[in-house]
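Colleague: I am new to this structure and would like a short tour. Could you take me through it step by step?

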Amino acid sequence: SSELLNLCDVIDYGYCLCGRAAKLKEIIFADCVEDDHDVRFDAMTPHGHYNVPFTDKDNNLLGVVVLYVSHGHKSKDYEVEFLKVIGNILSIICQRFDQEKINKDLERYAMAKTMITTLSHEINNPLAIAVGNCHLLEKALPENKHLKKIQESLDRVHKIVKKIDTIIEANEVEEENYASSNKTTLIKTN
C-alpha cells in the first residue's frame, strides 16, 4: 500500500525487520506480523516475509529486498539458499551498474578536461599576441588611457586562464576515491 511505502521509505539500521537484516547482513524470516515488526498501520493485512540483505565484495550493504509470503508460511532451507543466490545476483548487478556509471562519469570528466585544456591553449595563443602588441604600443603611446584599459583586460583574461590551468592540474580524479565517495544506501544511518 502507499502507506507502507511511505512508512518504509527510509529505515534505520536495526529498526523493524529490514533494518535488522541490514544491520546483521543476514536473511531474516518472519511467518507473521509479530513484535519485531515495528512498522505497522491500521489496514495492514496478516503476512510474513523474508528480508534479504545484499552486500558488495567488501561486505558493505547495498540494499535489502523484502519478499512477502502468506501468513503462517514455513521457511524452507531451499528457499533460503535460493534467496542467497538472488542476493548475490543483485549485488553483482548493483556493483556492475555502479562501475558502469563511474566509468561514464570518468569519461565525461576526461572529455571536459581535454576540452578545457584545448580552449585554454586556444585562448592563450591570441592572448600572447595581443599582450605583446600592447607592450609595443605602450612604448609608442605611454599615456594612452584606452591602451591601459585594453592591457588591464588582457591581464584579467590571462589570470583567468592561468587559474583554469591550475584547477585542471590540481583536480586529478582517482577512480577508487571517486567510487567510494559515490556509494548510496537506502537505509538511513545516524
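Predicted model: local features only at pLDDT ≥ 70, side-chain atom pairs only at ≥ 80, totals over all residues.

Modeller: Let me begin with a definition: two strands pair if DSSP finds at least two bridges between them.

Colleague: Which residue stands opposite Asn51?

Modeller: Asn51 stands opposite Val66 in β4.

Colleague: And how many bridges do β3 and β4 pair over?

Modeller: β3 and β4, the latter covering residues 61-69, pair over 8 bridges in the antiparallel sense. The two strands form a hairpin, with 5 residues between them. In the turn, Asn59 has a positive phi of about 70°.

Colleague: What is the order of the strands in the sheet?

Modeller: The order is β2-β3-β4, in an open sheet of 3 strands with antiparallel pairing. β2 and β4 stand at the edges and have a single partner strand each, so one side of each is left without a neighbour in the sheet. On average, neighbouring strands of this sheet are turned by 15° against each other, direction ignored.

Colleague: Let us change topic. How many aromatic pairs does the structure hold?

Modeller: The structure holds 1 aromatic pair. Its rings belong to Phe29 and Tyr50, with centres 4.7 Å apart and planes at 50°, so the pair is tilted.

Colleague: Why does 50° make the pair tilted?

Modeller: Planes under 30 degrees apart count as stacked and those over 60 as edge-to-face, so the rest are tilted. The planes of Phe29 and Tyr50 are at 50°, and therefore this pair is tilted.

Colleague: Where in the chain are the two residues?

Modeller: Phe29 is in strand β2 (residues 28-30) and Tyr50 is in strand β3 (residues 48-55). They are 21 residues apart, and the pair links distant parts of the chain.

Colleague: Is Tyr50 buried or exposed?

Modeller: Tyr50 counts as buried, because its relative accessibility is 3%. Phe29, at 27% relative accessibility, counts as partly exposed.

Colleague: Now the surface. Which residues form the nonpolar patch?

Modeller: The patch is formed by Met115, Ile116, Leu119, Ile123, Val157, Ile160 and Ile164. Together they have about 560 Å² of accessible area.

Colleague: Which helix gives the most to the patch?

Modeller: α3 gives the most, with 4 residues. Both α3 (77-140) and α4 (145-170) supply at least two residues each.

Colleague: What about Leu119?

Modeller: Leu119 has its place in helix α3. Its relative accessible area is 46%, so Leu119 is partly exposed.

Technical notes:
Residues numbered from 1 in each chain as written. Heavy atoms only, no water. Phe/Tyr/Trp six-rings, centres within 6.5 Å; stacked < 30°, edge-to-face > 60°. Buried < 20%, exposed > 50% of the residue type's maximum accessible area, 1.4 Å probe, protein only. Patch = residues over 30% accessible without salt bridge, like charges linked within 9 Å, V, L, I, M, F, W, Y side chains within 5 Å. Areas by Shrake-Rupley, 256 points an atom, 1.4 Å probe, with all protein chains shown as cover. Salt bridge = Lys/Arg side-chain N within 4 Å of Asp/Glu carboxyl O. Axes fitted to C-alpha atoms, helices over the stretch in contact; angles between N-to-C directions.
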